[in-house]
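Hi,

Here is the structure I promised to pass on. Have a look at it first, and my notes follow below.

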Amino acid sequence: LAFLFGLGFPMIFLLLKELLNDKIITRIDLEKSTSIPILGMIGGNDSAHNLLSKQGPKSAAFEGFRALRSNLNFFNSSSDKKVYLVTSSISGEGKTYIAQNLAIVFAKSGKKTIVVGADLRRPRMYVDFKLTNDIGISNHILGDKSLSDVIIQSDIENLDILVSGPIPNNPSDALLSDKFGKMIDVLKEKYEIIVLDTPPLGLVADSLTLMDYSDINLYVARQDYSRKGLLSYADDMYIKERLGDIH
């Protein structure tokens, strides 16, 4: 009896845990939850730094982003496609982490790159770069600041940064303005790679608006954090062809 109880209870516990789990744990969970093609997988970051520029070039995280860059180059055979949009279901899944480090690896490869903090609701990107959010996109499209005034040259070769700036009263209207579209056109002429860090798709529609300007969209899911139900929402939009070229 002791042997049967010792064997049976753990098996029942593990079975119930698996049945009740609604988070993405393995690649199989991801493939079952969505038909969006998987572009790459980034390992956990064990260092104390979120930016790859602060890590060794041989770190596991650095290698993961190099692989992601290579996969993007494979899918993106046209040099005209240069705007990459990064979004996710909810906050905390790592979209800003992916966006800023993807920009860094492109810059490290010699591409003139800019990472744009296009999340005008809950900006985060400026924190890791140790910048302030006093001047940015909102000062340009809603104020009198020129684009050159709001672009920040980073200490990483080939990488410039454009933060969101002060949060506007109506972020959605700001993204729909003609001046925002003209800003993207100017950036396309000046940079080889543009990476847009956008709000979570599962919370607001801003990312759908920004997809009008992007060439390739990246949807981030985080292990043991992203919920399968939220991914099914993204999958439904993908099937209805509302998410463009997304991975």
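**What I found**

Strands β1 and β6 pair in the parallel sense over five bridges, with valine 86 opposite leucine 218 in β6. (Strands here are DSSP E runs of at least two residues, helices are H or I runs of at least four, both numbered from the N terminus; two strands pair if DSSP finds at least two bridges between them.)

Before going further: this is a predicted model, where local features need pLDDT of at least 70 and side-chain atom pairs count only at pLDDT 80 or more, while totals for chains, interfaces and linings use all residues. Residues are numbered from 1 along each chain as its sequence is written, and side-chain values use heavy atoms, leaving out hydrogens and water.

Back to the sheet. It is open and has six strands in the order β3-β4-β2-β5-β1-β6, with mixed pairing. β3 (152-153) and β6 (216-220) are at the edges with a single partner strand each, so one side of each has no neighbour in the sheet. β1 also pairs with β5, in the parallel sense over four bridges, and tyrosine 84 sits opposite valine 195 there. On β2 (residues 113-117), valine 115 stands opposite valine 195 too; β2 and β5 (residues 193-197) are parallel over five bridges.

How enclosed is β1? Six of its six residues are buried, so the rest of the structure largely encloses this strand. (Buried means under 20% relative accessible area, exposed over 50%, and partly exposed in between, with a 1.4 Å probe and protein chains only.) Val83, Leu85 and Thr87 point one way from β1, and Tyr84, Val86 and Ser88 the other.

Now the salt bridges, meaning a side-chain nitrogen of Lys or Arg within 4 Å of a carboxyl oxygen of Asp or Glu. The count comes to nine. In one of them, lysine 95 meets aspartate 197, with the closest N and O atoms 3.2 Å apart. Lysine 95 is in helix α4 (residues 95-108) and aspartate 197 in β5, so the pair ties together parts 102 residues apart in sequence. Both residues are buried.

Arginine 121 and aspartate 206 form another, at 2.7 Å from N to O. This pair links the loop between β2 and α5 (125-128) to helix α10 (residues 206-210), 85 residues apart. Arginine 121 is partly exposed at 30% relative accessibility, whereas aspartate 206 is buried at 2%.

Enjoy browsing!
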